[in-house]
Amino acid sequence: AAMSIHPRTTKSGTVWDVRWTDNGKQRSRSFGDKEQAVAYDAERKRMKRMGAFAPVEPSGEPLSKFLERWFRTGQWATTTTRNRAQLVDRWVVPFIGDVPLRELGRARVRDFRAEIIRAGSPPTNTNNVMRCLSAALGVACDEGLIPVNPCLNLGSVPTPRAQRRAYPAEVTDALLEAMPSARDRAVFLLLLDGGLRPAEVVGLQWKDVDGDVLTVYDSIQSGDR
């Protein structure tokens, strides 16, 4: 609808009213400076021309409230949900849960990462926290609540290379002999020679064995596939 700028005299001086009609309702906003009023009027006209493609105002919703909705609508595996919930509850909400989405710019997110590192978050955990936060803010961006995902291209925290040690054959043979049952020896060999992770061993079923070939299809963590 049409907009216009009107000067108005008050006890403290002249103010400039920007007036327009929105869905049949008269609206206005006052400015103490004419240039500000003209700029606001021009911006609203530009937004009107863009229609549905106009940029959305960043949301003032606190991050914690958005994360609650993110978890309610997320369709993830049980283990993914549990892992993300642990990261959010321990490392995200206590530090920036009350921060409005519109204030979570790149600098604030970078400061947050530094905060959790100072609080004792090791490099691998820190990178997992940032990946979780990035996934959430990516959804917020898709919903138009923020213009961009501030976590994108932030880079990872360097992680120290794991120190691997090879055990001599007599040590692994002694460990194998010490196993109390054939089941334990089978698990030990799957881990040692097969390179399987513990969760992958727990997830094995007889149908995964085809002759001399073992195919890993699943893994189980804390009782969940």
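## Helix H5 and its cover

In this predicted model, the buried residues of helix H5 are covered by parts that include helix H2 (63-73), helix H3 (78-96) and helix H4 (106-118). Quite a list sits under that cover: the buried residues of H5 are Asn 125, Thr 126, Asn 127, Val 129, Met 130, Cys 132, Leu 133, Ser 134, Ala 136, Leu 137, Gly 138 and Ala 140.

H5 itself takes in residues 123-142, and at 1.5 Å a residue its 20 residues should span 28 Å. The end C-alpha atoms are 28 Å apart, so the length agrees with what you'd expect. Just after H5 comes Gly 144, with a positive phi of about 80°.

## The largest pocket

Further along the chain, there's a pocket to look at. The largest one has a volume of about 290 Å³. Its lining is made up of Arg 183, Ala 186, Val 187, Leu 190, Val 201, Leu 204, Gln 205, Trp 206, Val 209 and Leu 214. Sorted by class, that's 8 nonpolar, 1 polar and 1 charged residues. Helix H7 (residues 182-192) supplies the largest share of the lining, with 4 residues.

Asp 208 sits in the loop between helix H8 (198-202) and strand E4 (209-210). Is Asp 208 buried or exposed? With a relative accessible area of 3%, Asp 208 falls under the 20% cut-off, so Asp 208 counts as buried.

What does the side chain of Asp 208 reach? It gets to the backbone nitrogen of Gln 205, at 2.9 Å, and Gln 205 is one of the pocket-lining residues. Leaving out residues up to four places away in sequence, Asp 208 touches Gly 203, Val 213, Leu 214, Thr 215 and Tyr 217. Among them, Leu 214 also lines the largest pocket.

Technical notes: Residues numbered from 1 in each chain as written. Predicted model: local features only at pLDDT ≥ 70, side-chain atom pairs only at ≥ 80, totals over all residues. Heavy atoms only, no water. 1 Å grid on protein atoms, 1.4 Å probe; cavity = no way out; pocket = protein on both sides within 12 Å on 5 of 7 lines; lining within 4 Å. Points joined across faces, edges and corners; volume = space filled by probe spheres on them. Helix = DSSP H or I, 4+ residues; strand = E, 2+ residues; numbered from the N terminus. Nonpolar A, V, L, I, M, F, W, Y, C, P; charged D, E, K, R; others polar. Buried < 20%, exposed > 50% of the residue type's maximum accessible area, 1.4 Å probe, protein only. Polar contact = N/O pair within 3.5 Å; in protein donor to acceptor, adjacent residues only side chain to side chain. Contact = heavy atoms within 4.5 Å. Expected span 1.5 Å × (residues − 1).
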